[in-house]
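Keep the structure in view as you read.

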Amino acid sequence: MAISQQNQVQIENVAGEALDTFAKVAEAAQSELDSSTQGVTPTNVAVNNTFTGTEAVKTQSNISSNTRDGYHLLCKEPAIARVVVEDEDGVRQTYYICRKSTVSLDNHEIKLASYRSPVGRLASMPVGDGLTLPRGGETVEVEIIEVARFHPEFSSAEWDARNSSFHGESYGPITVESLRALLKKSAGDDIDESLLDSLLSEETDEGLIVEGLRRNVIKKMGLRDQPILDQYQDEIFRLPLDSQLLILGAPGTGKTTTLIRRLGQKLDIDFLDENEKRLVQADNPTGRQRHSESWIMFTPTELLKLYVKEAFAKEGVAAPDDRIRTWTSFRDNLARNQFKILRSATSNSGFRMNPSRPAETLAPDTIIRQTVFFEDFDNWQREAFLQEMNDAARKLGKHSSPEISNFGDRAIRFIEKSGTSPRPSLFADLLGLSGEIQTTLGRLKEESDKLIRSTLNLLVNKDRQFLDDLAKFLESLAESDEEPDDQEADDEDSENTPRFGRQAAFTRYFQAVRAVSRSKAGKRKISPKSNTGKILDWIGDRLPQDSDLLTIGESLVVQSALRWFVNPVRRYVDGTPGRYRQFRRLRQAENRWFSQKDFSRSDLHPIEVDAILLAMLQISDEIVTGPRILSDSEGPVQAIVERMEDLYQTQVLVDEVTDFSPLQQACMAKLARPGIRSFFACGDFNQRVTSWGTRTQTDMDWALPKIQTREITVAYRQTRNLHDFARKIVEVSGESSAEAVLPKYAENEGVPPLLAVGMDDLERKSRWLEERIKEIERSLHELPSIAILVNSEDEVLPVAEGLGDTLSDLNIRVVPCPNGQVRGNESEVRVFSVEHIKVLEFEAVFFVGLDRLAEQHPDLFDKYLYVGATRAATYLGLTCETDLPEPMKGLADLFGESWA
């Protein structure tokens, strides 16, 4: 393009200054690294302040790993932007913006600032806009005069920057392909070249400066690195730490990037404002967890987790596996090891869940109406708990012993004061009773246990093999699907019960005697089909005398009522799975929520696990945030409080939030530390590819009633042709498309998508794909990132092998990616099952057998097509074995036949 001589000189001057600054910043950073490893006292490090040269000298002993990581990053990427501003007095100042950290430079005319700092926002703003900056303890209004954005690289012993954008008051925006090449061209302007060399040089030089913003070819699979957010994304990522925010936007609008950049900034405590620092300190006064480690991010797939970790690495954020999780793995751990909902090797009393083959326990519409289902269960179980507690108190109040009846009367007053729901204040009131009741309970238990133990002593004296024989019998019952036999079982009976050996036999004998004693006192029978019934049948007449059984039973009835008030919080929280069993029996009998088919009473659908877990998390959170006496207590409530303290995180982030159910989101929200409740999520309702996912804003508001929604509307990934095609897919499916516009000044047009029908065998598909890939490589002069999408995991390997044979003559490797786990090298074509493609982006994407996809997934077909189509930046190709699926036939006019 032709620009004025004055602007040409200005751009060349900026290019020279930028390359010189890159070298100085990298050299200074390397010097700091060398000093720290050699034991030399480092010089100033400008990590904490906006401007360099103002932070006190740091010694080697207190250089943090975070600071060293910042130096390493500067050595690879010295700066990402250059901004010139003018203040109210007409004084101009040049800032170089670094991604994370800064160092001191001898040249004080050039100031360095971290992008995470308030000054860093300059890099996101357009020329002509104004900003208020801190300066010397005050503020100053400045106007942006020039903005240049860089992608630095070091090769052949010198610095360069590729596809840098420049925008000034009188020019731009323009893209400079190479700063180093631009300067070399300028240096040779006065050389007397031959006509041939001049003509060749002119053709080469024309590509150095391009009008507008050049679209970068996607060469590798992963998340796009966007060092600088646009001004709208930038505003969002700088919102206060205690925000609850949902970012919505069409594919390619940078939602995930904004989320990642926000976490990077909010983890760096030096860049938190004073209010945010107070929040962090107030909610973690014991220092139980370091702020930099107090966060968790959820992604829907393992593949996305992998690439998010890579993106965090570019930000200099340590992201171990326990910080970035899929909900499935996190939920399974909570339900099995923390909240004991699921059975384990040490406990056979919990439920079973198989995520890969979900149990058919729920009615078909329950998943869609899961929020109503949960509310029904939660309301029922809270009322049931309060009613049972009230029954226990009244039972005690009628006891002949004044000591025990007094306990009951006091408990009744507290319960009536609580109203219709178990409020945290009720448990605070009951704390005063627990100590006294524990003493009485201990005495009664000792008396009843003595009677049982004396009988067992007589048995083992008569038959030393009794416990061993019982233990062998118990092994045959270990895998029984029966529900717990006695809902009134002692707390100590239902947890940490040995499963094998003499200790297990001893414990189960006690449990069986207690159960038969209760049955006699309550004049009810024990089912012979239950585990307890089978054990009693094996024991036969080797029980205490009937009079002793009745005495034990009457005592156990009182003990059971007393036990409600020893640790009611624990019974309230950890008793939730047991109440769910009762709820499920009740509602199934009413033909509500649950399947009428036969299913094992021990099996749970994953949605059921989410519901139980959410109820337990909500109750626990209410206790922690209730009266201070509960969380401060070192008594029975402590275990519940400590469990939540271990789970709480200062920041909770969720990527592709619409793939998670409202119940799952509500669980995630309860992990956000009270007092801050920082929750940051991003997604697009049109990209939901799970049947249980969040469908509407109403679902989102149910999970997080205080969440605010922001939309990002500038879509950077796709050309206009593919962008318009994606919008048409949404329109045809009857949904409303997210508002999105293409960026100004960018190369937006592109080529149309292609369609091939009648591709009913692998060889024909492979030949068609080969021709399209050859066209792409010829057009770009290189092989970009290419994904082939198939309909199931079973098709990944056959398609990869068939296409690989076809492309072998071109020396192009085709890599199968089963379960989305194998990635390959940059110059390889990858084959995925369509469900693993979420969030990633490629220069070219091909669907294989689109019509079969519609047959296999009629309810999610349009979502899969939309998500897959929006992974492609420039090239999109579709094949059908017969013809376009009926819903998409209206789009036939949008397709071309080739890109030749």
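Over residues 40-63 the pLDDT stays under 50; pLDDT is the predictor's confidence in each residue, from 0 to 100. The model still has 60 contacts for residues 40-63 beyond four places in sequence, a contact being heavy atoms within 4.5 Å. Residues 485-494 also have pLDDT below 50, with 22 contacts in the model beyond near neighbours in sequence. Where pLDDT is low, the predicted coordinates should not be read in detail. Elsewhere, the average for the protein chain is a pLDDT of 87, and 89% of the residues score at least 70.

Two ground rules apply. This is a predicted model, in which local features need pLDDT of at least 70 and side-chain atom pairs count only at pLDDT 80 or more, while totals for chains, interfaces and linings use all residues. Residues are numbered from 1 along each chain as its sequence is written, and side-chain values use heavy atoms, with hydrogens and water left out.

Now the overall fold. The protein chain has 29 helices and 23 strands. These are DSSP runs, numbered from the N terminus: helices are H or I with at least four residues, strands are E with at least two. Of the 900 residues in the protein chain, 55% are buried. Buried means under 20% relative accessible area, exposed over 50%, and partly exposed in between, with a 1.4 Å probe and protein chains only. Take the contacts in the protein chain with a separation of 6 or more: 74% of them join residues 24 or more positions apart.

Which helices cross? Helix 15 (residues 501-522) and helix 16 (residues 531-539) have axes that come within 10 Å and cross at roughly 100 degrees. That makes helix 15 roughly perpendicular to helix 16. Axes are lines fitted to C-alpha atoms, for helices over the stretch in contact, and angles run from 0 to 180 degrees between N-to-C directions. Angles under 35 degrees count as roughly parallel, over 145 as roughly antiparallel, 65 to 115 as roughly perpendicular and the rest as oblique. From helix 15, Arg508, Tyr509, Ala512, Ala515 and Val516 meet Asn531, Thr532, Ile535, Leu536 and Ile539 of helix 16. The residues of this contact divide into seven nonpolar, two polar and one charged. Here Ala, Val, Leu, Ile, Met, Phe, Trp, Tyr, Cys and Pro count as nonpolar, Asp, Glu, Lys and Arg as charged, and the others, Gly among them, as polar.

Move on to helix 20 (residues 606-624) and helix 22 (residues 638-647). Their axes come within 10 Å and cross at roughly 105 degrees. Helix 20 is therefore roughly perpendicular to helix 22. Helix 20 contributes Leu617, Ser620, Asp621 and Val624; helix 22 contributes Ile640, Val641, Arg643, Met644, Glu645 and Leu647. The contact of helix 20 with helix 22 holds six nonpolar residues, one polar and three charged.

Helix 29 is mostly covered, with nine of its nine residues buried. Its cover includes helix 25 (720-732), strand 19 (786-790), strand 22 (842-847), helix 28 (850-856) and strand 23 (872-879). Lys863 is found in this helix, which spans residues 861-869. Lys863 is buried, at a relative accessible area of 6%. Beyond its neighbours within four places in sequence, Lys863 is in contact with Phe685, Asn686, Arg688, Val689 and Glu735.

Glu795 sits in helix 27 (residues 793-807). At 23% relative accessibility, Glu795 is partly exposed. Glu795 touches Val790 and Gln856, not counting residues up to four places away in sequence.

The peptide bond from Gly172 to Pro173 is cis, with omega near 5 degrees. Pro173 lies in the loop between strand 7 (158-167) and strand 8 (174-178). Asn591 has phi near 60 degrees, a positive value in a residue other than glycine. Trp593 has a positive phi too, near 70 degrees. Most residues other than glycine have a negative phi, and most peptide bonds are trans. Asn591 lies in the loop between helix 19 (576-589) and strand 14 (603-604), and Trp593 lies in the loop between helix 19 and strand 14. Asn591 is exposed at 53%, whereas Trp593 is buried at 8%. The structure holds zero disulfides, a disulfide being a pair of cysteine sulfur atoms within 2.5 Å. Cys75 is buried at 18% relative accessible area, and Cys817 is buried at 0%.
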